[in-house]
Amino acid sequence: MRVIKKKHKALAACIAICLTLVSVPGAGRRIQAAERVDTAKTGSLLLSLGTEDSDQMAQDMLRIQEPLQVRLWKLADMGETGKYEFREDFQGLAMEGDWKRLSEEAFALVYDLDENGKPLGEPKTPPKRTEELRLTDDGSLTAAETLSVLELGLYLVAVDAAESPKYEYSFTPMVISLPWSEYQYVGGEASDTWQYEREAVLKPSRELRYGNVKILKTLTSYNETMGDVTFVFEVNARDSETGENIYSNVVSATFSATGTREILLEQLPAEAEVTVTEVYSGANCQITASDEGPKTVVAEEMEGTAESVTFRFTNTYDEDAKNGYGVENRFRYDAEAGTYVWSTDRDDVGVQP
């Protein structure tokens, strides 16, 4: 087992995850070493997981249920002189210039990408090789899953996005060379001996996942002569790890007949602990059933099929009638701004039969 030491460091939610390869060549350096390449050999690639900066991240990644999916595309063959010959699907690529740009260009050739550079569906070009990497009990990768017997050449390495119950992890694609020499990366007096074994570090970063919360309000009896009746709910959520209050809102449902209304609260952080309290039960109604929680927000699946956490409340008409009506002020989640904004508007809520 290969263990990576971990140091504590707070890691913010990220849109792009940094995948660091210690042996990626620097732009503009000579790629050939002085000695000839032994084309009879094969190469090997040892991948390790760079969670050493965060104990919390390492522990959270252990909750990823599926193995990490690693895909390799062979971009170019390598000859005896160390020169790369790009393969048919990657003829438009070139070694000159920015290596980060080279990996981005190669990635765009194998995947259709969304506006954030994330893959849409399966790759257009089948990978040369696909491997599954499993996490050990300390959050590192098992050494037994070294990628060995690799043909010599230039590779694009990409790791599929992975999800824990709370976070989504993404990995930036990288380009690697097998074999490689120190001179390729530092130049000067560095050794130009070809090395056929190499190591790369997958440096993960993450962004929060989100889920929805439903409030189902049922009115079982109603006096039409009293006019509309409004019910008001206070919603609070706290971080399950720190206990910090991270969400507070007031929402309402107005009835002009018996039935059930649904209030949908969207984009609450996954694994937040939510409580819902009915703070106003209408001027002429009383609570007969109350479900306040706390309950834990479940992240939506990537396909959007996860069931929302649901709170149910039931009221009935109270003979001790007093006229009353409510106005709702609420926070809305603004997807473009990535935050909650205050609003006095309210979307219509549907009545269920």
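Let me begin with a term: a residue is called buried under 20% relative accessible area, exposed over 50%, and partly exposed in between, with a 1.4 Å probe and protein chains only. What we have here is a predicted model, in which local features need pLDDT of at least 70 and side-chain atom pairs count only at pLDDT 80 or more, while totals for chains, interfaces and linings use all residues. Residues are numbered from 1 along each chain as its sequence is written, and side-chain values use heavy atoms, with hydrogens and water left out.

With that in hand, Phe-233 is buried, because its relative accessible area is 0%, and Phe-313 likewise counts as buried at 0% relative accessibility. Rings of Phe, Tyr and Trp (for Trp, the six-membered ring) pair if their centres lie within 6.5 Å, and the planes count as stacked under 30 degrees apart, as edge-to-face over 60, and as tilted for the rest. By this rule there are 5 aromatic pairs.

One of them joins Trp-73 and Tyr-111, whose ring centres are 5.8 Å apart with planes at 75°, so this pair is edge-to-face. Since Trp-73 lies in strand β2 (residues 68–78) and Tyr-111 in the loop between α2 (99–110) and β4 (129–133), the pair ties together parts that are 38 residues apart in sequence; helices (H or I, at least four residues) and strands (E, at least two) are DSSP runs, numbered from the N terminus. Both Trp-73 and Tyr-111 are buried. Phe-233 and Phe-313 have ring centres 5.1 Å apart and planes at 50°, so that pair is tilted. Here, too, distant parts of the chain are linked, with Phe-233 in strand β13 (residues 229–238) and Phe-313 in strand β19 (residues 309–317), 80 residues apart.

Ring pairs also link Trp-73, Phe-107 and Tyr-111 into a cluster, and Phe-107 brings us to α2, where the buried residues are Trp-99, Leu-102, Ser-103, Ala-106, Phe-107 and Val-110.

Strand β8 (residues 167–170) pairs with β11 in the antiparallel sense over 4 bridges, and Tyr-167 stands opposite Leu-208 in β11.

Key
Pairing = 2+ DSSP bridges.
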